[in-house]
Amino acid sequence: MSDRLQQLTVFIRAAESGSFSRAARELGLSQPSVSRIISELESRLGVTLLLRTTRRITLTHAGMLFLDRAREILAGLEDAEDAARGRDSLRGLIRLALPVYGTREIIPRLAEFLAAHPLLRVEMTIADERQDLIAEGADVAIRLGPLQDSAFGARKLGTLERLLVASPTYLKARGIPKTPADLTSHDCIIGPRAFGQSGWTFKKGDSIVSVDVTGRVSTDSGPGVFASVMMGLGMAMVSSAMCGPELKAKQLLPVLRDYTMDPVEVHAVFPGGPRPSTKVRAFVGFLAERLRSPERGRPRRKRAGRFAH
């Protein structure tokens with residue numbers, strides 16, 4: 001039975017990473033051992049699960065069916081072990097794939113979670129571009145904006161409201177826009193995906209206004225947007241998670257406060273279908289609890305009502 005469990009573990013990681021050598025490194029095995037284990041599994045089942053090429057391995061139809069069931073079996077085994085130990089005995093490694101947003105909203109909350117589960121370890125990769133969580137071996141990825149990984153399980157963690165900001169220095173030099181149309185005469189910092197890549201859309205009551213903005217600075221990262229707007233290089237579309245402390249300190253000022261912008265949803269995404277492992281469920285549930293409030297970091301208006309950020 002232990003051989004069968006090892007076969008399932010090796011098969012899952014080889015299938016997810018698309019590489020025998022990567023699976024071998026992560027599992028502490030040699031590449032020939034991984035190849036042998038997969039061959040023995042296929043021989044026992046009498047079907048081909050993986051197609052090998054010189055560059056990558058891919059799943060056959062039988063392999064895809066087997067992968068789903070194999071994940072369920074190992075997840076069920078982990079659940080049974082955790083139930084026997086108790087919830088406070090969660091252990092092992094959680095691999096996280098975070099956007100830079102995570103440096104302000106996820107990492108500061110890790111100490112509390114890890115203190116509650118001292119046998120858990122966390123490994124993180126951080127990048128604004130969306131990472132391939134299967135190839136990277138991630139247990140959980142944090143996604144901003146529309147989900148594209150439809151084959152994965154997901155849970156909504158919260159919502160980021162967006163707002164337009166500029167530095168006091170920039171506004172003193174260039175003036176304060178009164179309407180979205182005024183942005184055409186301003187330098188606007190073009191950011192990644194949900195933060196200004198293809199024009200900015202504003203709402204006021206039942207009216208929707210879209211503006212094609214231009215500027216001398218563009219960047220593919222949140223930190224690039226933040227650093228540029230702090231230096232007075234233009235106005236930027238941001239979230240309160242990106243620059244909440246700077247808004248409170250008035251190092252950045254909100255602009256067009258009578259208009260709103262569509263919010264950005266934050267999701268936790270995980271491979272293996274809608275039922276992830278116990279430790280992943282615990283971590284995602286913790287984040288959902290801590291991130292549920294949309295009011296954190298929100299600058300207040302002097303009159304009734306609120307503005308988007």
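Three strands make an open, antiparallel sheet in the order β10-β7-β11. Its edge strands are β10 (236-239) and β11 (253-255), and each pairs on one side only. From one strand to the next, the twist averages 60 degrees. Strands pair here if DSSP finds at least two bridges between them. Helices (H or I, at least four residues) and strands (E, at least two) are DSSP runs, numbered from the N terminus.

This is a predicted model: local features need pLDDT of at least 70, side-chain atom pairs count only at pLDDT 80 or more, and totals for chains, interfaces and linings use all residues. Residues are numbered from 1 along each chain as its sequence is written, and side-chain values use heavy atoms, with hydrogens and water left out.

Stay with the sheet. Strand β7 (residues 162-166) runs antiparallel to β11, joined by three bridges. Ala-166 stands opposite Leu-253 of β11. Helix α8 (residues 222-230) packs on this sheet and touches β7 and β10. The direction of α8 makes about 120 degrees with that of β10. Helix α9 (residues 240-248) also packs on the sheet, touching β7, β10 and β11. Its direction makes about 95 degrees with that of β10. Contact means heavy atoms within 4.5 Å. Axes are lines fitted to C-alpha atoms, for helices over the stretch in contact, and angles run from 0 to 180 degrees between N-to-C directions.

Now the five-stranded sheet. It is open, with mixed pairing, in the order β4-β3-β5-β12-β6. β4 (119-126) and β6 (153-160) are the edge strands, each pairing on one side only. Direction ignored, neighbouring strands are turned by 20 degrees against each other on average. Within this sheet, β5 (residues 140-144) and β12 (residues 264-270) pair in the antiparallel sense over four bridges. Ala-141 has Val-269 of β12 as its bridge partner.

The chain leaves β12 through a loop to α10 (278-290), and Pro-276 lies in that loop. Is Pro-276 buried or exposed? It counts as buried, at 7% relative accessibility. Buried means under 20% relative accessible area, exposed over 50%, partly exposed in between (1.4 Å probe, protein chains only). Leaving aside neighbours within four places in sequence, Pro-276 is in contact with Phe-270 and Arg-281. Asp-79 is 197 residues from Pro-276 in sequence, yet 9.9 Å away in space, C-alpha to C-alpha.

A hairpin comes next. Strands β8 (residues 200-204) and β9 (residues 207-211) pair in the antiparallel sense over five bridges. Lys-203 is bridged to Ile-208 in β9. Two residues separate the strands, and Gly-205 in the turn has a positive phi of about 65 degrees.

Turn to the helix pair. The axes of α2 (residues 20-27) and α3 (residues 31-45) come within 8 Å and cross at roughly 105 degrees. That makes α2 roughly perpendicular to α3, a label for 65 to 115 degrees; under 35 is roughly parallel, over 145 roughly antiparallel, and the rest oblique. Phe-20, Ser-21 and Ala-24 of α2 meet Gln-31, Val-34, Ser-35 and Ile-38 of α3.

Finally, the whole chain. It has 10 helices and 12 strands. Of its 309 residues, 46% count as buried. Cys-188 is buried, with a relative accessible area of 1%, and Cys-243 is buried at 0%. Among contacts with a separation of 6 or more, 74% join residues 24 or more positions apart.
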